[in-house]
Amino acid sequence: MSDQAQLPQGEGDAIADRLREELARRRISRQAVADMARISLSTLEKALAGSRPFTLATVIRLEEALGASLRGQPGHGEVATAPGLAPDHMGAYSRAAVRWIEGDYLTLRASFGTPGGLNAYRTTLFWDDAAGHLRFAESDRADGAFAQAGHVSMPNLSGHTYLATNEAGQHRLIILGRPTREGQMFGLLTTLQAGAGSQLVPVACPVAFVPRAQLPDVPMGVLTAQSPHFPVCRAITDRATKDDFCRWHGG
């Protein structure tokens with residue numbers, strides 16, 4: 001079957017039901033998942049409504065964006081171990097041991113496009129029953145086309161939390177230290193930034209994860225020095241290096 005082949009109606013209906021369930025469980029909007037999958041919202045809406053059949057290419061893009069299979073099998077070739085237990089290569093953590101981390105977080109980091117600005121968006125951490133481990137998904141980003149989704153590793157060896165994206169072999173990584181008493185987490189983000197022309201340049205910056213309920217009024221998007229919430233958010237992101245959650249070393 002080619003990537004552009006249309007799936008049978010019955011299979012498409014089952015995929016639509018699973019997708020609606022995933023969006024509701026993760027509290028992700030249709031626009032957000034369309035951005036992550038790099039498809040148009042119109043294409044997604046028509047497929048969900050049954051007025052346009054799903055194609056294999058669209059389903060694959062949605063599965064890669066969500067990090068989960070919509071066709072009844074664990075995504076990315078991952079096979080769940082015992083129920084409620086993550087694979088060894090992710091830390092072999094149990095769901096009961098990581099329930100505290102599940103939920104919505106306000107994510108704060110430097111804006112790569114606005115000097116001195118901060119990028120504020122939502123990251124949702126949740127347990128994927130089909131895959132048998134934690135996953136994460138970003139949403140409400142000003143640059144929605146670059147929203148990330150992937151798996152969460154929590155090895156006892158370091159005590160850190162790793163949010164990893166793997167898209168066709170291209171990786172992005174967030175390393176978070178142990179949470180504070182308030183449940184906030186701080187660490188380092190490494191990714192690629194658009195450079196001159198089509199060039200991509202490796203870039204890193206401190207990052208902060210704050211339970212969304214603690215700062216419900218902070219708007220999503222780019223915050224500048226003129227934004228009323230900027231001083232509070234800047235103070236939070238500064239904690240990453242100030243309180244030694246991550247370090248910069250000169251060359």
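A crossing of two helices is called right-handed if the near helix is turned clockwise from the far one by less than a right angle. In the predicted model described here, the crossing of α2 and α3 is of this right-handed kind. Helix α2 spans residues 30–37 and helix α3 spans residues 41–49. Their axes come within 9 Å and cross at roughly 115°. On the side of α2, the contact is formed by R30, Q31, V33 and A34, and on the side of α3 by L41, L44, E45 and L48. Of the residues in this contact, five are nonpolar, one is polar and two are charged.

Helix α4 covers residues 56–66 and is mostly covered, with eight of its eleven residues buried. The buried positions begin with the run L56, A57, T58 and V59; L62, E63, A65 and L66 are also buried. An α-helix has 3.6 residues a turn, so residues three or four places apart point the same way. After α4 comes G67, which has a positive phi, near 70°.

A86 is 45 residues away from A131 along the chain, and the C-alpha atoms of the two residues are separated by 8.3 Å.

Note on methods:
Residues are numbered from 1 along each chain as its sequence is written. This is a predicted model: local features need pLDDT of at least 70, side-chain atom pairs count only at pLDDT 80 or more; totals for chains, interfaces and linings use all residues. Side-chain values use heavy atoms; hydrogens and water are left out. Axes are lines fitted to C-alpha atoms, for helices over the stretch in contact, and angles run from 0 to 180 degrees between N-to-C directions. Helices (H or I, at least four residues) and strands (E, at least two) are DSSP runs, numbered from the N terminus. Contact means heavy atoms within 4.5 Å. Ala, Val, Leu, Ile, Met, Phe, Trp, Tyr, Cys and Pro count as nonpolar, Asp, Glu, Lys and Arg as charged, and the others, Gly among them, as polar. Buried means under 20% relative accessible area, exposed over 50%, partly exposed in between (1.4 Å probe, protein chains only).
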